[in-house]
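Please open the model in a viewer and keep the selection panel at hand.

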Amino acid sequence: MRIREFGDDPDVAVVAGIHGDEPCGPEAVESLLADPPTFGRPVKFVVANETALERGVRYLDEDLNRAFPGDAEAESHEGRLAKRLLAELDGCTTLALHSTQSYAGPFALVDTVDPATAEVCADLPVDAVVETDAYAGGRLIDYPRTVEVECGLQWSETAAANARELVTAFLEATDVLPTESGVGGDVPVFRLTDRVPKAPAADYEVFVDNFERVEPGVPFASADGEERVAENPFYPILMSATGYEDVFGYAGERVGRLADVATRADRRGSTSATRQDVPANHR
Ligand SMILES: [Zn+2]
């Protein structure tokens, strides 16, 4: 793990290289720090899984982004790394950089939209925000004040360029850098509701676009030519032919626009009976 700290006791952090086969984040951090600007507030930059990056693999022993909180005595490299990384990020507002095989544009993932995550997301140049709380467990975004961004397609030049823009926008959103770009906006918020499994096959296809509503009766994917047809309307999220081993990706619902969702979350936070209104599988 490589850490560069500017100023005393930073409470803002950028994390890259959680997955060793996603070079866009580490490249963005390296290019910014090759000639670091003057930071107006303490900040730290972490390149997490250096060994996996050097080898060009996603991980050595297990997926780091399913290994939190980790354990100093863990048998796996990522289990021990997760523990050290969490300690490093304790108390920080954190941006974690990723890339994907599912969608070319940048989008953000949060556990839930709350005042802290909404404030960051509103200033990021993203197409959408995704709430992942239905699938919490072992992920860095399960922790407070953490936003993940998918910068674009894995290994693409566009993802690398997007990563640089996202880092700058995040540093502006957190007052580490003076606000110049003024990007971001009132983007749609989606919530993961279901995994979309795929049967073992040699050849997979996905026919639909992520974040575009799929109507019932529409074939959305195939495994060795056998079509999967939508039973209910849904929004494909993180869906791709080969991105994951055992799922095409996720189905989701559209929750609303970021400003409205943030306002609702704010109201929920200030009344006590609220969490019970949320269906159990969405907690
Ligand atoms: Zn990743």
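Begin with the open sheet of three strands, which run in the order β9-β10-β11 with antiparallel pairing. Its edge strands are β9 and β11 (226-229), each of which pairs on one side only. Neighbouring strands of this sheet are turned by 20 degrees against each other on average, direction ignored. Strands here are DSSP runs (E, at least two residues), and helices are likewise DSSP runs (H or I, at least four residues), both numbered from the N terminus. Two strands pair if DSSP finds at least two bridges between them. Axes are lines fitted to C-alpha atoms, for helices over the stretch in contact, and angles run from 0 to 180 degrees between N-to-C directions.

The model is predicted: local features need pLDDT of at least 70, side-chain atom pairs count only at pLDDT 80 or more, and totals for chains, interfaces and linings use all residues. Residues are numbered from 1 along each chain as its sequence is written, and side-chain values use heavy atoms, leaving out hydrogens and water.

Next, select β10 and β11, which pair in the antiparallel sense over four bridges. Pro219 has Val229 of β11 as its bridge partner.

Move to Phe211, in the loop between β9 (204-206) and β10 (219-223). Phe211 is not a glycine, yet its phi is positive, about 70 degrees. Phe211 counts as buried at 11% relative accessibility; buried means under 20% relative accessible area, exposed over 50%, partly exposed in between (1.4 Å probe, protein chains only).

Then select Leu238, in the loop between β12 (235-237) and β13 (247-257). Its phi is also positive, near 55 degrees, and Leu238 is buried with a relative accessible area of 8%.

Finish at Pro69, in the loop between α2 (50-55) and α3 (77-89). A cis peptide bond, with omega about 5 degrees, joins Phe68 and Pro69.
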